[in-house]
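Reader: Walk me through this one, please, feature by feature. I'd like the reading rule for each, then the case at hand.

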Amino acid sequence: MALFHSHTLPHHHILSTLSPFSSKPLSISLPSSYPLTTTTDFNNKTLSLSTLPRKLLSKPSNGKHVREDYLVNKLSAQEIQELVKGERNVPLIIDFYATWCGPCILMAQELEMLAVEYEENAMIVKVDTDDEYEFARDMQVRGLPTLFFISPDPKKDAIRTEGLIPIQMMRDIIDKEM
């Protein structure tokens with residue numbers, strides 16, 4: 001038994017459905033400009049929602065959530081190892097992320113704000129776990145996002161966090177633990 005019937009007239013769309021309270025169909029008349037209907041363009045060409053021309057609001061990304069003008073840079077495993085072994089006078093924060101990870105995208109926004117705030121007092125970098133799978137495995141990254149806070153003092157242990165953490169907790173770790 002069909003519950004919905006659709007009838008099309010030249011300038012209106014009629015939707016009929018069987019009423020649960022009577023055996024008579026209910027009818028609803030929709031104007032032709034109803035957004036889910038087909039429309040015509042200036043050349044009287046029929047367009048549906050799937051064929052309507054779309055205007056891009058911005059250039060599509062290339063699949064990476066790191067742009068050239070961001071302060072948080074994406075580095076390779078080799079570059080990270082050189083940073084950790086090298087001389088630093090500021091804390092190093094390493095963000096292990098994936099482009100498909102929702103919490104990682106949220107964390108990236110917080111890390112960018114943190115990078116602006118601590119521009120001269122901390123170095124924040126990112127590692128894509130899909131690109132650097134072996135390095136992430138060696139660092140025992142199990143959940144995303146994972147952050148490592150590495151002090152410039154080699155006597156201090158690194159601090160590791162897993163999952164989305166508030167920006168204030170990151171500030172506290174940088175200010176009090178590093």
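Reader: Let's start with the cysteines: how far apart are the sulfur atoms of Cys-101 and Cys-104?

Author: The rule is that a disulfide is a pair of cysteine sulfur atoms within 2.5 Å. Here the sulfurs of Cys-101 and Cys-104 are 2.4 Å apart, and the two form a disulfide. One disulfide is what a search of the whole structure turns up. Bear in mind that this is a predicted model, where local features need pLDDT of at least 70, side-chain atom pairs count only at pLDDT 80 or more, and totals for chains, interfaces and linings use all residues. Residues are numbered from 1 along each chain as its sequence is written, and side-chain values use heavy atoms, with hydrogens and water left out.

Reader: Why is the disulfide of Cys-101 and Cys-104 called right-handed?

Author: Look at the torsion about the S-S bond: it is about 75°, so this disulfide is right-handed.

Reader: And are Cys-101 and Cys-104 buried or exposed?

Author: Go by relative accessible area: under 20% is buried, over 50% exposed, and partly exposed lies in between (1.4 Å probe, protein chains only). Cys-101 comes out at 5%, buried, and Cys-104 is buried too, at 2%.

Reader: On to the sheet. What is the order of its strands?

Author: Some bookkeeping: helices (H or I, at least four residues) and strands (E, at least two) are DSSP runs, numbered from the N terminus. Two strands pair if DSSP finds at least two bridges between them. This open sheet has five strands in the order S6-S8-S7-S9-S10, and the pairing is mixed. S6 (73-74) and S10 (159-162) stand at the edges with a single partner strand each, so one side of each has no neighbour in the sheet.

Reader: What does the pairing of S7 and S8 look like?

Author: S7 (residues 92-97) and S8 (residues 123-128) run in the parallel sense, over six bridges. Ile-93, for instance, has Ile-124 as its bridge partner in S8. S6 also pairs with S8 in the parallel sense, over two bridges, and Asn-73 stands opposite Val-125. As for cover, five of the six residues of S8 are buried.

Reader: How do the axes of H2 and H4 cross?

Author: Packed helices are described by the angle and the distance between their axes. The axes of H2 and H4 come within 10 Å and cross at roughly 45°. Under 35 degrees is roughly parallel, over 145 roughly antiparallel, 65 to 115 roughly perpendicular, and the rest oblique; H2 and H4 are therefore oblique. Among the residues making the contact are Met-107 and Leu-111 of H2 and Met-170 and Ile-174 of H4.

Notes. Axes are lines fitted to C-alpha atoms, for helices over the stretch in contact, and angles run from 0 to 180 degrees between N-to-C directions. Contact means heavy atoms within 4.5 Å.
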